[in-house]
Amino acid sequence: MTSDLMEVDSAPQTEVKTDSESTVDKVLHLLQDVSKTTTTLDSRFVWKSLRELSTLRSSLEKEDLAVLVNLLYPESSTFKVPLLKFINNNQKSKVDNAEEQRQQYPAAFYQLTGGNSVDVSGEVNSFLHLLVQLYLLDSNQVDHLKVFNLQVVIPKVLNFYNNRTLDLINAKLWFYICRAHELRGDAFDTSIRSEMVKFLKTATLKHDNETRAMLITFILRSFLQTGEVDAAADFIGKVEFPGSNDVSSPLEARYYFYLSKLSAIQLDYSTANEYVIAAIRKAPNTKKCIGFLQQANKLHCAIELLMGDIPELSFFKQKNMERSLLPYYHLSKAVKLGDLNKFTSAISTYKKELVHDGNYQLCVRLRSSVIKTGIRIISLTYKKISLKDICLKLRLDSEQTVEYMVSRAIRDGVIEAKINHEEGYIESSELLNVYATQQPQQLFDERIRFVNQLHDECVKAMRYPEDGNKDKNKSADHDQLDEMIDISDLDEDDLGDFY
Amino acid sequence: MPTLLELVKSLNTAFVNGDNSSCQKLLSPVKIELIKSHLLVPDFSKAQENERYLEDLNVAKRVLEIGALCSLRNADFEAYENFFSQLRVFYFSGIPRLAESENKSKLISLYLLLLLSQGDVTKFHSELEFLGKRLGSLEEDAFLSYPIKVEKWLMEGSYQRAWDLLKSESKIEEFNVFTQTLMDAIREEIGRNTELAYHKLPLFNVKALLFFESEKDTEQFALARGWKVSGGCIVFDEEEVADDHHQTSIVEKALDYAINLESIV
């Protein structure tokens, strides 16, 4: 199958006919996997197909989808007409022998509905809707996609089924609903939010962890986009994010990213720092999520600076990051030198980028750090220095201001010094020997704890084969799945879609 | 029973004449009338279609603005917060004619100052984030720049500048309501810095640092903070941090590591 794909990718134009056929075949193949879930109730088959979907995504065409829908859905199906309407406006693209072909598909594709009529099963149906969403998004029909979501996906698919096996697909469907909403530029139109909250309630009751996590992340995102920080904080206080064993790690990464942003805005920098590090660690390190990583690293940099740390030079030289981190590089440089003029000019030069990243308000707060670092550098260099000299070095307006700032820096623990007011100088206290304090031990303890935690999490994350009596064929299949779970980066393309 | 129109009219005149107490009296019946005609909590879909309703909403907004300013004049900050949260719905409704108001940035700035005077910096920054998304350049607005500047100078320690700004009696009379509380906040900050930054300091200098007029006030402030005053000098004692449980914690940690290690092996 993989080799098949390669061929398609390299020569898509030349063999349109075979290409389109093979896409249909491939989708059918995926659907077979999906329908295995219907029979075995093991959601890993859906999970596997969703993974493979990302490679197939680029080759989805209008005709393929039309053929697929015509093939799969019986004439009596209520889903058929709306689907076709959004794919190609109901143009007649009848497939011959559809009826006979349908007979050949596995029974698991279909289910009996109320009045003895047959319709496609929930899994297959949801999956096809997801395909249509992808197609509409990739072909830039965002308006269309939005209408499709509001008219078809939410009322007729998401609210219709109640199968536990659909969780993963539902999460994906929601992802593209929100994506379309945002692309339309209606960030302040919060109608979709109430819909999400409603569905979150259902998902929580059903223990549908993946969808729950997806919705929590998106509601948080939408709050942050409209700047309703208090509301976001309240929301986070009320909901419980599913544990790390129940959701895919990219989702967790995104969740931590937003949490970090929230804490940073609320001036809780150390918590924000923990979250953003967690986000960067959890994010899969693949090409598709570079955008996310860039964004996370920008936030990380801003938070570090706010905490009074200067990121190392190698931080800015990371692969694929250099250019996007440039504004932050200049900011850090100004902070490091303690040069207010440089800082002001850096802020005004890069205002546009910073606003775009949503970090502008955070960076403006850095002004006080610039002064503090300036004072710190001076206090490290001189044992004793007059206030007037500091005033000149930092280009501040009066000695009294300097005195206030120095005393503030002392209170914040930036420097260890005492001011002698009568003679107008500051004198650094004796430098403490770090190894005489508890600090090394604390750090040591922190690291050991982290390693232990890592170990525990690894043990928990491992998947053990179920015992005994299984036929060989099946266990081989399982092995293959296990391998893939190890890589565990299900929707990396989601992260890629975002930035 | 007077109608809503009459009530609003008399409220307006009372406000223009600066008659706070009668404003206060008129406000509650007006609010009740507003609720009766569904104007206190606006219905935006209706406002977009119905021109008359939109006009009425603008009147309601005006009433709320008067209410907010009145409660501020009476130094009733809780009432101000209530009015402001109701006004916020109007200001950020997304309907241009409703959102625009001459008093908008003034009232927002007042709210920011209120947050500052309460020392609620977290909420202040959350609010800035919210405003930054909607209003664009905050620093250039004549009203909004005022609280932003005060906050900035407080954060970086330019108390002199913040003090001067507060001292210079801003043009907007409502801003001056907060001057006293903010000045107290500044003194508090300086006091906290001072006790850590100096070994001892003559009372005379403390007076200058804290912007006090007389040494008597200074002494009172010093005593309130628990500073020792002796011979015209204030002496700041350094507190010794006790660390008793230090020893036991190492043992505990070592045991903890051992247990973890055993579970791994």
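**View 1. Arg408(A) and its partner in chain B.** At 10% relative accessibility, Arg408(A) counts as buried in this predicted model. Its side chain meets that of Glu189(B) in a salt bridge, with 2.8 Å from N to O. Arg408(A) belongs to helix α23 of chain A and Glu189(B) to helix α11 (residues 179-197) of chain B, so the pair joins two chains. Glu189(B) is buried as well, its relative accessible area being 17%, and a network of salt bridges links Arg408(A), Arg411(A) and Glu189(B).

View 2. Asp445(A), which is buried with a relative accessible area of 7%, forms a salt bridge with Arg449(A), the closest N and O atoms lying 2.6 Å apart. These two residues are four apart in helix α24 of chain A and are therefore separated by about one helical turn. Asp445(A) also forms a salt bridge with Lys253(B), where the closest N and O atoms are 3.9 Å apart.

**View 3. The interface of chain A and chain B.** Contacts involve 40 residues of chain A and 45 residues of chain B, and the two chains bury about 4100 Å² between them, 52% of it on carbon and sulfur atoms. In chain A, Tyr404(A), Arg411(A) and Lys418(A) lose the most area to chain B, together 18% of what that side buries. Three salt bridges are found across this interface.

**View 4. Lys282(A) and Glu252(A) within chain A.** The side chains of Lys282(A) and Glu252(A) form a salt bridge of 3.6 Å, N to O, which links helix α14 to helix α13 of chain A. Lys282(A) is partly exposed at 25% relative accessible area, whereas Glu252(A) is buried at 4%.

How values were computed
Residues numbered from 1 in each chain as written. Chains lettered and ligands numbered in written order. Predicted model: local features only at pLDDT ≥ 70, side-chain atom pairs only at ≥ 80, totals over all residues. Heavy atoms only, no water. Contact = heavy atoms within 4.5 Å. Buried area = accessible area lost by both parts, 1.4 Å probe. Salt bridge = Lys/Arg side-chain N within 4 Å of Asp/Glu carboxyl O. Buried < 20%, exposed > 50% of the residue type's maximum accessible area, 1.4 Å probe, protein only.
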